Amino acid sequence: MSDNPTPTRDVRAVWRGQPQEMEPMILETVRRNALRLQRRRLRQMIQETLAAAVVMVGFGLYIWFLPGMLIKIGSGLGVLFAGFYIWRWIRLVRPRRVPDDAAACLDFHRRELERQRDTAGGMWRWALAPMIPISALFVIGRWIGPTPPWRALWLDRLIIAASSVLILESLALMWLWTRHRADKWQDQIDELDTLGKEEP
């Protein structure tokens, strides 16, 4: 036995230099997560398409049955917006084929997480902002339109004002939710980046 044992620092360096036995397991976990993300995207795409179809039908009925030119214009814009929304949604989040090679999944999954983050972070521009003029047309159309005969004028104005506040509050909450989702996707990207890194 040598009188000069290997310093602890050198033992740690040798241990860290060994091949990582857990790496295949980590890569397989990443691949499972990538498959789960793509399946979730497919479900979301179907759900959003169905929801947009319902919105388009609803706004189409508004055009025919609700009085007031501004409300009809807003309803027409609502139909166009629902069509644009689903086109944009499918274009941004449509599922993609996960590579069969587990090692290739790391870069693939990271790019897909970045795509999710950017989609959530940019939704306010193409999903929330267009709702403002549509809502404004409905509110103004109701305000200057005829008051229902069974409702007092002051009550009708109060309902319109309360609806306006509720719309603005809903848009603000949706904006905060999209920012939160973008941050959560970034957390997953950061977590993915730490995989395989050596502990200090």
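In which helix does R41 lie? The points below take up this residue after a short account of the whole chain.

1. The model under review is predicted. Its chain has 6 helices and 0 strands. Read from the N terminus, the order of elements is α-α-α-α-α-α.

2. For the chain as a whole, 28% of the 200 residues count as buried. The accessible surface amounts to about 13,800 Å², and carbon and sulfur atoms account for 65% of this surface. With regard to contacts between residues at least 6 apart in sequence, 76% join residues at least 24 apart.

3. The opening question may now be answered: R41 belongs to helix 2, which covers residues 23-65. Is R41 buried or exposed? The residue counts as buried, because its relative accessibility is 1% and the limit for that class is under 20%. When neighbours within four places in sequence are left aside, the contacts of R41 are V93, R94, P95, E112, R115 and Q116.

4. Helix 3 (residues 69-93) packs with helix 5 (residues 131-144) at an angle of about 160°, and their axes are 8 Å apart. Angles over 145 degrees count as roughly antiparallel, and helix 3 and helix 5 are therefore roughly antiparallel to each other. Their crossing is left-handed. Which residues make the contact? Helix 3 contributes L70, I71, I73, G74, S75, L77, G78 and F81, while helix 5 contributes M131, I134, L137, F138, I140, G141, R142 and I144. Sorted by class, the contact of helix 3 with helix 5 has 11 nonpolar, 4 polar and 1 charged residues.

5. The second pair consists of helix 4 (residues 102-128) and helix 6 (residues 153-194), which pack at an angle of about 165° with axes 9 Å apart. Because of this angle, helix 4 is roughly antiparallel to helix 6. The crossing of helix 4 and helix 6 is left-handed. How many nonpolar, polar and charged residues does the contact of helix 4 with helix 6 have? By class, there are 13 nonpolar, 6 polar and 6 charged residues in this contact.

6. In summary, the predicted chain contains 6 helices. Helix 3 and helix 5 are roughly antiparallel, and helix 4 is roughly antiparallel to helix 6. R41, in helix 2, counts as buried.

Key: Residues numbered from 1 in each chain as written. Predicted model: local features only at pLDDT ≥ 70, side-chain atom pairs only at ≥ 80, totals over all residues. Heavy atoms only, no water. Axes fitted to C-alpha atoms, helices over the stretch in contact; angles between N-to-C directions. Helix = DSSP H or I, 4+ residues; strand = E, 2+ residues; numbered from the N terminus. Parallel < 35°, antiparallel > 145°, perpendicular 65-115°, else oblique. Left-handed = near helix turned anticlockwise from the far one by under 90°. Nonpolar A, V, L, I, M, F, W, Y, C, P; charged D, E, K, R; others polar. Buried < 20%, exposed > 50% of the residue type's maximum accessible area, 1.4 Å probe, protein only. Contact = heavy atoms within 4.5 Å. Areas by Shrake-Rupley, 256 points an atom, 1.4 Å probe, with all protein chains shown as cover.
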